[in-house]
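Hi there,

Here is the structure I promised to pass on to you. Have a look first, and then read on for what turned up in it.

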Amino acid sequence: MTQLLDKPAAASPAKAPHTPAARTARRKALLHWIAVHSLGIAAALFFVLPFVFVVLTSLMNDQQALTRDLTPNTWEWGNYERVFNTPGFLTWWRNTLLYAGLGTVLTVVSSIPVAYALAKFRFRGRKLSLMLVISMMMLPPQVVIIPMYLFWAKQMDLSGTLWPLIIPMAFGDAFSIFLLRQFLLTIPNEYLDAAKVDGCGEFRTLMKVVLPMAKPGIAAIALFQFFAAWNDYFGPQIYASENPAAWTLSYGLESFKGAHHTDWNLTMAATVLVMAPVIAVFFFAQKAFVEGVTLTGVKG
Amino acid sequence: MTTHTLRSKRRRSALRNAAFMSPWLIGFSVFFAYPMVSTVYFSFTSYDGFGAPVFNGLTNWTYVFQDYPMFWPSLWNTLWLVVVMVTCRVVFGLGIGLLITKIKTGTGVFRTLFYLPYLAPPVAATLAFVFLLNPGTGPVNAILGDLGLPTPGWFNDATWSKPALTMLAVWGIGDLMVIFMASLLDVPTEQYEAAELDGASAWQKFRFVTLPNIAPIVLFAVVTGVIQAMQYYTQPLVAGKVASGIIGGSGQSFEPGYPDKSTLTLPQLVYNLGFQRFDYGAACVVALILFALAMAFTALLMRGRNNLIQAGD
């Protein structure tokens, strides 16, 4: 934030000539700088204050959390310990890591060959497959949930677990396939041809030549998939709601509020604990993430 | 001899294509084609999960359109969200994108701060907003009250629940900001310089240089926004549940839509009909309506004059 206090380059008087016209231009530039940055600070407050109030409330004691106070009188860091000690909370963490971690690995492994074929092979039905992938990407999960639920619950007897959510990820995810395919299109065919001249088959070309070049794209789909599973509410609600031992953080968080009816401090502490890992991951992988967002099919 | 090798070569490459495509081919058949066909079939049957589905013609369809009390409110809410929420998100997204391209000092810090809320998990973000906006002790109403301004009931008041959801959606504008920012930086600078030589004002530059250049991105944002609005599920359901105070252990007791059906959306109807009323037939009717709407707008994305999604190459 100290950068905010730096002198604006446009208003620096170092080498500017001292004519009245230049002075007006400089003043205009300075005013423009002030206007833009004031707006920026106002916008930043809108984006940041909700986080600030949530964290402040999470540190209040039980009595104060029932009041309209904005800042805590006593800083109750123990609230976070109380949340961790809530029965089930650690199980939800474990389940979420299983769902998001295993699901991400399966999605990446199964989506890579499909994305590669759609980007680099020429075959009949390629265009149709691509359109179906895009359609599935836009499809709300609720559309097919009734037969899917009956399949997993009645035929497979897997209701009350997260497996109905994890297993399908071994069969490619439409969004990941599409995003990765867009990325693979940017790899020039000459590299693939050169590998083939050297005697590589398609599989080896993919493993030795394409994958190393596609690392940013793979990182992007892994991140998106991890976040999607971390954030998923509908899936666990349908398949796991009957069995609290299979709940994830996103699903359990809501019931946490139900169990701690008026304890806004504990609910907000739990909320922080659900948000924090995602934001931490973002800081480590910022570049891949932003690249992925711009890759989602927007024509430049 | 040559035709023979050609044929075997072709067969081998067909095999290769099938091998690479196989995960998705299986996924598509088992998790999309098969359930899609079942959904259509169930929509013409009476079925509660026990016994066998019994064909009942158009009964489910007339029930949903005529007698199911949640259907029309949810369509109205969706229309409201499409008009107000999508517009707000696109306008603010573009505004924030423009602002970030103008900010010269601390750009990275601003960009990160603007982007962060987009990352907040939906359930957590919704819970945070229900707290911030709770009419009794929430910080927003505390501040509004201190300033002598009206203090709405937000998530507890049917007229304010959708505006509250809109605020939540505008808070998480980071995705649009990044997309708009990238497209704004792509506008050729020569065009701005030419406009400046012609003495164009800032507004004129925006209107005649910036907008035409980024029009495809604006359209993309609008269409994907409409698709998201139709699929809006977690935020309105969780907001309604938490604000109402009715959260059962397994969450089965809460009829979505609190307050007064004002937060109902189509996907919530599938949940309500299928998993609370166990009327699978009617749930499948709503699922098909949702499917038709989603596909119509997806077609718009793919077929639009600008070919917004690069289906070809």
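This is a predicted model: local features need pLDDT of at least 70, side-chain atom pairs count only at pLDDT 80 or more; totals for chains, interfaces and linings use all residues.

Although Trp154(B) is not a glycine, its phi is positive, at about 45°. Is Trp154(B) buried or exposed? With 25 other C-beta atoms within 10 Å, Trp154(B) counts as buried, because the cut-off for that is 20 or more.

Another loop of chain B, the one between helix H11 (234-244) and helix H12 (266-276), holds Pro259(B). The peptide bond that joins Tyr258(B) to Pro259(B) is cis, with omega at about -5°. Lys261(B) is also found between H11 and H12, and this non-glycine residue has a positive phi near 60°. Lys261(B) has 19 other C-beta atoms within 10 Å, so it is partly exposed.

Leaving aside residues up to four places away in sequence, Val286(B) touches Val64(B), Leu266(B), Leu269(B), Val270(B) and Leu273(B).

Finally, the two chains together: 85 residues of chain A are in contact with 82 residues of chain B. On the chain A side, helix H1 (residues 20-58) gives the largest share, 13 residues. That side of chain A is made up of 56 nonpolar, 22 polar and seven charged residues.

Enjoy exploring it!

Best wishes

Conventions: Residues are numbered from 1 along each chain as its sequence is written. Chains are lettered from A and ligands numbered from 1 in the order in which they are written. Two residues are in contact if their C-beta atoms, placed from the backbone, lie within 7 Å. Helices (H or I, at least four residues) and strands (E, at least two) are DSSP runs, numbered from the N terminus. Ala, Val, Leu, Ile, Met, Phe, Trp, Tyr, Cys and Pro count as nonpolar, Asp, Glu, Lys and Arg as charged, and the others, Gly among them, as polar. A residue is buried if 20 or more other C-beta atoms lie within 10 Å of its own, exposed if 12 or fewer, and partly exposed in between; C-beta atoms are placed from the backbone.
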